[in-house]
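This report describes a protein model through its sheet, its nonpolar cores, its surface and its charged pairs. The sequence and the structure are shown first.

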Amino acid sequence: MRPVLAGMLIAFTVAAQENGPAPEAISIGFDGVLEGVRELLDSVDTLGPVDLDLAEEGEPLVLSARDAVHKALDTAPRIIGAEADAAAQRALQGQARSQYLPQVMVQSGYSYLENPSQGFGGGFLTRLVVPGGIEVDDIQRADSLKVQQLVFAGGSIRAAVRAAGYLAESKEWQRNATRNDVEFETKRAYYDCLLSLALVQVAEDSVTTFERHRRDSQLKLDAGLASRFEVLRAETELGSREADVVEARNRVRLAYAALRRLLAVDQEQRLALTDTIPWVPLEVSADQLASNAVETRPEIRALRAVAEASRNDVKRVKGSYFPKVAASAEWANVEGGGSFSLEGWQLRLGAELEIFTGGRRRFEKKEAEAKVRSAESQIEEVKLLIELEVRQALIQVQDAIAKFRREEGNVELADEGQRLAELRFQEGVGTQADVLDSELALTNAETQLVLALRDYAVAHAALDKATGKSWFPLEEQAADSEE
C-alpha cells in the first residue's frame, strides 16, 4: 500500500480498533475488518493537514469538519431566511395578542363652515330657546380621546393567540430542520473534499510509478531488450494516469467550490482541511433509531404544531358565534362650536352579535377542520418516510463498511501482486506488461478504498440527519401559547 493512502487510513483504523466492534443488534460485525492492517501501517506517520486547494494566493482558512459545520450554520442564507420566517410568525402572534389590550385613539382637527349662522346655531328652534341664536365660529377645532377595551369575544381571541403561537413554534422547528439539512450538506461537501484530495494523491503516485515504467521500457528498447510495443503500452498507460490527475484536480476544484458556497465565503478563499474520515460506532438497533427519530425529528414536531394551530383555529371560528362585548370611554372637546356642542367624557358598554353571515362562519369552520385532518395525515405520512429514511441510512452505513472490508482486502492483494510482479520482472521471468497490469490494479484498488471511506463518512452523516442528531443542537423551543 502506498504511504500516502496508508496515512489517510490510520485515524480510521486506530479509532475502529479502540472502539471495538459494533453491537450485535445491528449486525455490522466489524471484528476482523482491519485485521493485519496495523502491522502494515506501524511504520507510517499520520499525515498532517493537507492543502491541495489549488488556490495560489492568500492565507488559508483552516477548518476541521466541526469548524466547517459551525461556520455554515452561522452564515447559510437558508438558515437566516428560516430564522426571519420564525420571527415574522412570532410577530403575528403578538398582533393577535394585542387584542387583549385596550385600544387608544386620539383625534384632533380643524373644520371650516360657510355661513355657520344658517346651521344649528341660527335655526328656528334654537332662537326660541336662546333668543338671538348661538354664536358658532366658521372655523372649529375638535379634539377627542377614545379608549376601547374588548371584554368578551367567545374565546376567539384566546384561540387565535394560541394558534399563532403554534404556527410560530412550527416555523422554529422548520428552522431546525433547515439547520440539519445544511449540516448534512456541509459534512458531505467536506468529506467530498477529503475524497478529492486523496484521489489526487493516488493519481499522482500512479503517474510517478508509470513514468518510471516508461523510462525503464525506453532504456530496454534502446538496449534491444524490449519491443516498441512495450514502450507504447507504457506511454499509453502514463497518458491515462496523467488524465486521471487532471480529472482528480478538477474534482478538487468542484468540491472546494461547493464547500465554499455552503460556508458563504469568497470562491478565491483558500481552505485547508485538517480532519480525516471519522469512525463513529453505532450503539442502538434500527428499531430504536427509527423510534427515536419519529419522536425527535423537527419535521414531525413542526407538523404537530401546525395540527395544534388548526385545532385552535376551529375554536376561534366557534367563538365567532358568540356576541362580542366591549367597553369604551371617549372624551371630546370642540372649540368654536357653540354651547350645544358635546364635550367631556362619554362611557359606553355594548354588545355586538352577528346574526347572519351568508354561511361564512360555517365554511370557515369546515376549512379549519379540514386543515386539522390534513395535518394529521401528513404527520402519519412523514412518520413512515422518516422510518424509511433511518433504515436506508443505516443500511448504507453497513454497506459502506462491507465495501471498506472488501476494498481493504483488494488493496492488500493488489499491493502484494504488484510486489511479486516487480520481483518476477527483475528476475527475468515476468514481463513489463505484467508489471503495468499489477500497478493498474493497485491504483484501482486504492481508488475504490478511498471511495469506500467517503461513502462511510457520508452514510453516517446521513444517518445523523435521519435521526435528527446534530453536532450543534439548539435548545428545544417550547410552544409560546396562552392556556
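The sections below treat the sheet, the surface, the cores and the salt bridges in turn. The model is predicted, and side-chain atom pairs count only at pLDDT 80 or more.

## The open sheet

Four strands form an open sheet in the order β2-β3-β5-β6, with antiparallel pairing. Its edge strands are β2 (103–112) and β6, each of which pairs on one side only. On average, neighbouring strands of this sheet are turned by 20° against each other, direction ignored.

At one end of the order, β2 and β3 (residues 139–152) run antiparallel and are joined by 10 bridges. Within this pairing, Ser108 has Asp143 in β3 as its bridge partner, and Val104 stands opposite Val147 in β3. On the β6 side, the antiparallel strands β5 and β6 are connected by 9 bridges. Here Ala332 is placed opposite Gly344 in β6. In general, strands of a sheet pair through backbone hydrogen bonds, in a parallel or an antiparallel sense.

Val151, Phe152, Tyr321, Phe322 and Leu349 make a nonpolar surface patch of about 530 Å². One of these residues, Tyr321, is located in the loop between α9 (298–319) and β5 (324–335). Tyr321 has a relative accessible area of 38% and is therefore partly exposed, since that class lies between 20% and 50%.

## Nonpolar cores

The largest nonpolar core has 67 residues, and Tyr190, Leu259, Leu263, Leu273 and Val390 touch the most other members. Two or more residues each are given to this core by α3 (65–75), α6 (156–222), α7 (228–263), β4 (271–273), α8 (286–296), α9, α10 (360–426) and α11 (432–466). Helix α11 provides the largest share, 14 residues. Another core, of 7 residues, lies apart from it and includes Val207, Phe210, Ala234 and Leu238.

Thr208 and Leu238 are 30 residues apart in sequence, and their C-alpha atoms are 8.8 Å apart in space. Thr208 belongs to helix α6. Because its relative accessibility is 54%, Thr208 counts as exposed.

Although Ala264 is not a glycine, it has a positive phi of about 60°. Its relative accessibility is 45%, so Ala264 counts as partly exposed.

## Salt bridges between helices

The count of salt bridges in the model comes to 33. Three of them are listed here.

| Pair | N to O distance |
|---|---|
| Asp181 and Lys465 | 3.4 Å |
| Lys465 and Glu389 | 3.4 Å |
| Asp455 and Lys403 | 3.1 Å |

The side chains of Asp181 and Lys465 meet in a salt bridge. Asp181 lies in helix α6 and Lys465 in helix α11, so this pair ties together parts that are 284 residues apart in sequence. Is Lys465 buried or exposed? Lys465 is buried, because its relative accessible area is 18%, under the 20% cut-off. Asp181, in contrast, is partly exposed, with a relative accessible area of 25%.

Lys465 also forms a salt bridge with Glu389. That pair links distant parts of the chain, with Lys465 in helix α11 and Glu389 in helix α10, 76 residues apart. Glu389 has a relative accessible area of 26% and is partly exposed.

The side chains of Asp455 and Lys403 meet in a further salt bridge. As Asp455 lies in helix α11 and Lys403 in helix α10, the pair ties together parts that are 52 residues apart in sequence. Asp455, at 27% relative accessibility, counts as partly exposed. Salt bridges with shared partners join Asp181, Arg297, Glu299, Glu389 and Lys465 into one network.

Note on methods
Residues numbered from 1 in each chain as written. Predicted model: local features only at pLDDT ≥ 70, side-chain atom pairs only at ≥ 80, totals over all residues. Heavy atoms only, no water. Patch = residues over 30% accessible without salt bridge, like charges linked within 9 Å, V, L, I, M, F, W, Y side chains within 5 Å. Areas by Shrake-Rupley, 256 points an atom, 1.4 Å probe, with all protein chains shown as cover. Salt bridge = Lys/Arg side-chain N within 4 Å of Asp/Glu carboxyl O. Buried < 20%, exposed > 50% of the residue type's maximum accessible area, 1.4 Å probe, protein only. Pairing = 2+ DSSP bridges. Axes fitted to C-alpha atoms, helices over the stretch in contact; angles between N-to-C directions. Core = buried A, V, L, I, M, F, W, Y, C linked by side-chain atoms within 4.5 Å.
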